[in-house]
Amino acid sequence: MDYKKHIASKLKVEGFTAEEIESFIALPPNSDLGDYALPCFRFAKTMRKSPVAIAEELKASFPVDEYIEDVNVAAGYLNFRVNRKGFVAGVLREVAEKREKYGASSEGEGKTVCIDYSSINIAKPFHIGHLSTTVLGAALYRLYNFLGYKAVGINHLGDYGTQFGKLIVAYRAWGDRAAVEAGGVRELMRLYVKYHDEAELHPEMDDEARAQFKKIEEGDGEATELFNFFKEITMKDVGRIYDKLNVTFDSYAGESFYNDKMDPIVNELREKGLLTTSEGAEIVDLSDYDMPPCIILRSDGASLYATRDLAAATYRKNTYNFHKNLYVVAYQQNLHFRQIFKVLELMGKDWAKDCVHVAYGMVSMEDGAMSTRKGKVVFLEDVITRCVEKSLEIITEKNPDLPDKEKIAEQVGTGAVIFGALSSNKIKDMVFSYDKVLNFDGETGPYVQYTCARCKSVLNKGGDIGEYAVPELSQQEYDLVAHIGKFPELLSSALEKLEPSFVTRYAVDLAQLYNKFYFDCKILGEEDNVKNFRLALTDATLVTLSNSLALLGISVPERM
RNA sequence: GCGCCGUUAGCUAAGCUGGAUAUAGCGUCGGUCUACGGAACCGAAGGCCAGGGGUUCGAAUCCCUUACGGCGCGCCA
């Protein structure tokens with residue numbers, strides 16, 4: 001039922017169409033006043049009457065019906081109150097029928113969306129700086145699928161560059177196979193840091209590193225074998241974290257994958273007359289668009305990041321025929337993507353407009369930026385481990401007899417990390433602190449999970465939900481259902497704005513509404529009709545919270 | 001210097017396609033269930049929405065401008 005449209009169709013204001021009036025309809029600041037509101041100020045000039053008088057007039061000409069049961073005037077607003085029992089019955093019925101599909105839609109049917117996220121570097125640690133892209137991308141991936149799109153998750157591996165030559169040099173000098181197998185990426189990083197310390201004193205090491213990287217490119221047996229070993233170690237380490245975070249990918253085509261796909265792009269640029277030579281390099285001049293040039297080939301003829309991204313975008317279009325092509329990458333690379341998209345446009349690719357840089361803010365530490373070279377990083381796995389330990393402590397203290405404590409602690413600890421990373425708008429920078437991530441009170445993942453566990457507990461004790469007729473509603477009960485009813489449109493707007501944080505905030509709001517209701521209203525001791533209604537309300541809350549958390553990649557423990 | 005982004009309570013944030021007393025959480029102080037889970041709930045204190053102009057019946061929200069902070073600006077990714 002579209003109440004706004006319904007209201008607008010019954011209102012006649014001279015000089016305004018029904019569509020315009022519909023667009024003016026807003027929500028009152030609180031539902032005491034009503035459920036929908038029409039501000040009448042803008043009509044005052046043309047009608048030459050006070051807003052209050054206009055509202056009174058409109059009210060007189062508006063017959064109430066089965067959907068709108070009351071109309072009143074307040075301070076120049078015309079407020080409408082819907083038939084709340086009918087509305088509530090409709091929402092609860094829909095949730096009860098759709099269950100884990102509640103909120104899903106088919107708006108994206110037949111459309112494929114490529115999402116480039118996480119995109120880790122081989123032999124580099126997975127630190128808290130990678131958390132945003134990983135959980136943001138994974139949440140968008142689920143959101144798209146939930147709304148009927150076909151999402152393709154792409155982990156664009158950083159598996160190409162001279163740093164691998166450096167690592168080979170370091171490994172041969174100080175490394176050991178068994179130590180790397182045991183220590184994983186941490187051991188590789190130790191070698192990498194040592195390399196940089198030593199190379200400051202012995203710059204000739206860099207020549208050797210370049211030579212080793214060249215051997216990888218040429219497919220030299222020993223160098224390639226080492227590189228593959230590093231890759232294997234990295235994927236194993238990182239796979240453990242992806243499992244914890246419930247993150248998956250459909251493709252791991254990374255930088256090296258495009259090695260043989262860049263020549264055709266360079267040729268195409270040249271044929272289309274877009275390439276010019278400047279200071280020895282081949283560039284696309286973008287001065288007409290107020291941007292610095294996009295460098296395609298270095299003066300030594302080597303390709304660059306931009307070349308690779310042009311090849312990758314083209315490959316993705318040819319392979320997946322995407323409807324949208326997203327890059328979940330920090331805002332640092334703003335200019336880079338603006339350049340890439342512009343070059344694609346200049347190449348005549350009409351799909352350039354479908355490419356989107358999903359930019360997010362930076363993570364720093366309290367004492368400044370992180371640095372892999374200096375070894376100054378916070379490993380994501382350590383953060384998760386500490387959150388899991390903390391939740392195990394809390395469980396042991398509050399609920400010592402709970403079976404499966406370790407598993408539940410995993411769910412709650414990782415839930416806290418994911419939820420925290422997705423709780424504010426993606427563009428905001430954040431400063432990492434253990435105090436914050438280890439706080440499980442208030443607007444946090446554990447709070448929402450706790451609310452779910454509470455719902456489950458009530459439902460288990462309440463047994464089957466019998467027939468009921470919607471009783472007289474308290475303000476709280478109505479607000480709770482109204483919020484549940486907004487879930488589908490919330491998901492659409494989260495996707496439109498590419499903001500998983502909308503879902504996070506929604507879940508917190510819903511949990512708060514339920515907890516208020518829970519504290520004030522008895523459920524199980526009530527007479528059957530009220531009891532059944534409140535159980536249905538609890539069930540609908542649980543379904544909606546669970547669906548929200550599932551989209552974020554957070555699991556819902558039975559108890560905690 | 002130029003460009004992009006940010007600035008809302010002590011701290012972290014929501015609200016930004018203009019609408020009614022600016023909304024939460026953390027922290028501080030004070031409270032709450034013999035019915036279902038206290039990782040909860042309620043109350044109090046705390047705001048010239050960075051400053052200044054403008055548009056409008058109406059501005060945290062739109063426009064201009066200043067300040068502060070972050071990021072970026074040719075051969076790294």
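This is a predicted model: local features need pLDDT of at least 70, side-chain atom pairs count only at pLDDT 80 or more; totals for chains, interfaces and linings use all residues.

Visitor: What is the order of the open sheet of 3 strands?
Guide: Strands β1 (residues 36-39) and β3 are joined by 4 bridges and run antiparallel, while strand β2 (residues 68-74) and β3 are paired over 6 bridges, again in the antiparallel sense. Each of β1 and β2 pairs on one side only, and these are the edge strands. Reading across the open sheet, the order is therefore β1-β3-β2, given that two strands pair if at least two bridges are found between them.

Visitor: Which residue in the turn between β2 and β3 has a positive phi?
Guide: The two strands pair in the antiparallel sense, and they form a hairpin with 2 residues between them. In that turn, a positive phi of about 50 degrees belongs to A75.

Visitor: How many of the 6 residues of strand β3 are buried?
Guide: A residue is called buried if 20 or more other C-beta atoms lie within 10 Å of its own. Helix α1 (residues 3-10) packs on this sheet and touches β1, β2 and β3. Strand β3 (residues 77-82) is mostly covered, and the number of its residues that are buried is 5.

Visitor: Which strands are the edge strands of the open sheet of 4 strands?
Guide: This open sheet has parallel pairing and the order β5-β4-β9-β10. An edge strand here is one that pairs on one side only, and the two that do so are β5 (150-154) and β10 (355-360).

Visitor: At what angle does α13 run to β10?
Guide: Strand β9 (residues 324-330) is joined to β10 by 6 bridges, with Y327 opposite H357 in β10. Helix α6 (residues 131-146) lies across β4 (112-116), β5, β9 and β10, and runs at about 155 degrees to β9. Helix α13 lies across β9 and β10, and its angle to β10 is about 175 degrees.

Visitor: Which element gives the largest share of the surface near RNA strand B?
Guide: RNA strand B is surrounded by 73 residues, the closest being A37, R298, N425, G442 and I523. Among the elements that give two or more residues to this surface are β1, β3 and α14 (380-398). By class, the surface has 37 nonpolar, 21 polar and 15 charged residues. The largest share, 8 residues, comes from α17.

Visitor: What distance separates the centres of domain 1 and domain 3?
Guide: Chain A is divided into four parts, with domain 1 at residues 3-82 and domain 3 at residues 274-302 among them. Taken over C-alpha atoms, the centres of domain 1 and domain 3 are separated by 58 Å.

Technical notes:
Residues are numbered from 1 along each chain as its sequence is written. Chains are lettered from A and ligands numbered from 1 in the order in which they are written. A residue is buried if 20 or more other C-beta atoms lie within 10 Å of its own, exposed if 12 or fewer, and partly exposed in between; C-beta atoms are placed from the backbone. A residue is near a molecule or strand if its C-beta atom, placed from the backbone, lies within 6 Å of it. Ala, Val, Leu, Ile, Met, Phe, Trp, Tyr, Cys and Pro count as nonpolar, Asp, Glu, Lys and Arg as charged, and the others, Gly among them, as polar. Domain bounds come from an automatic or database domain assignment. Two residues are in contact if their C-beta atoms, placed from the backbone, lie within 7 Å. Axes are lines fitted to C-alpha atoms, for helices over the stretch in contact, and angles run from 0 to 180 degrees between N-to-C directions.
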